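Hello,

Here is the structure I promised you. Please open it and keep it beside this email while you read.

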Amino acid sequence: MNPRSSVATTRPARAASPPADSARVDRRQAILLAAERLFSKHGYHAVSLRQIADEASVPLALVGYYFGPKNALFEAIFEQWNHTIEQRLAALAAVRIDPANAQTLPRIIEAFIAPVLQLRASSEGEYYALLVARELSHATEEADRVLRRYFDPLAVAFIDALQRALPHATRGQVAWCYQFALGALLHHLTDTRVERLSGGEDHAADPGAGTLLRNFIVAGLRGALPRPRTSSSPTKSKTRRQAS
């Protein structure tokens with residue numbers, strides 16, 4: 001008997017090489033992440049496609065191949081994160097709007113800010129949250145396109161809900177207060193000054209700040225917007241009629 005016959009002669013199969021599609025996805029994702037980081041740190045107009053390619057460790061031509069011009073890459077970042085807007089809208093849809101219920105307004109604001117604060121606290125969403133806070137506050141053509149496509153529908157949905165919860169306020173008043181609330185949220189996303197101003201008592205990453213922010217916005221809305229007038233008592237109404 002051939003001594004080799006008892007030994008398996010089948011060679012171990014080679015590990016399958018990753019498919020080309022996976023490599024393409026990885027490189028595309030690397031470009032998106034690099035663009036997020038650089039745009040959030042330096043601003044859209046201060047960053048070139050070459051810098052993004054270098055940051056992603058890919059050839060410059062590949063950036064154009066996947067995304068085209070820089071403004072298209074900028075918008076692709078927001079398209080990728082559109083699920084966070086859907087999350088906020090889903091949270092809003094779960095709120096039962098009852099103007100007589102004191103918890104309605106805090107629940108609306110919680111739906112507005114909580115998903116964003118969770119995003120900012122995560123390693124995956126940190127740069128995107130900073131990018132939103134930094135770039136969308138500037139009146140640029142690129143930011144305006146993103147605002148109109150992704151964030152205006154979100155704003156309209158929350159303004160609708162706030163107007164239903166505060167029916168004595170006009171649409172214009174509610175829209176202004178939405179913008180004020182948005183300003184407070186965006187500032188909170190980027191602020192690191194609180195540690196210095198609090199004498200080290202607090203820091204930017206304090207999770208308790210989210211509750212303060214919610215309460216601050218709710219109190220601001222209640223203080224700024226008209227409340228229903230208290231109806232006169234029957235006795236006072238009768239007296240007025242008699243006097244007339």
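Which helices do the buried residues of helix 8 pack against? Keep in mind that this is a predicted model. The partners are helix 4 (70-80), helix 5 (82-93), helix 6 (104-121), helix 7 (126-135), helix 9 (171-190) and helix 11 (209-224).

Now look at helix 8 itself. It has 25 residues. From its first C-alpha to its last it reaches 34 Å, close to the 36 Å expected at 1.5 Å a residue. Helix 8 also bends, by about 50 degrees, at F151. A proline, P153, follows within four residues.

Next, the buried side. Among the buried residues of helix 8 are E142, V146, Y150, F151, L154, F158 and L162. An α-helix has 3.6 residues a turn, so residues three or four places apart point the same way.

Then the core. The largest nonpolar core holds 67 residues. Those touching the most other members are I31, F39, I52, I77, F78, I108 and F151. Helix 8 (residues 141-165) gives the most to this core, with eleven residues.

Leaving out residues up to four places away in sequence, F151 touches F78, I85, Y128, V132, L136 and V146.

Last, Y65, in helix 3 (residues 60-67). Is Y65 buried or exposed? Y65 counts as exposed because its relative accessibility is 61%, and the cut-off for exposed is over 50%. Its C-alpha lies 9.6 Å from that of R28. Along the chain, Y65 and R28 are 37 residues apart.

Best wishes

Methods
Residues are numbered from 1 along each chain as its sequence is written. This is a predicted model: local features need pLDDT of at least 70, side-chain atom pairs count only at pLDDT 80 or more; totals for chains, interfaces and linings use all residues. Side-chain values use heavy atoms; hydrogens and water are left out. A nonpolar core is a set of buried Ala, Val, Leu, Ile, Met, Phe, Trp, Tyr and Cys residues joined through side-chain atoms within 4.5 Å. Buried means under 20% relative accessible area, exposed over 50%, partly exposed in between (1.4 Å probe, protein chains only). Helices (H or I, at least four residues) and strands (E, at least two) are DSSP runs, numbered from the N terminus. Contact means heavy atoms within 4.5 Å. The expected span of a helix is 1.5 Å times one less than its number of residues. The bend at a residue is the angle between axes fitted to the seven residues ending there and the seven starting there.
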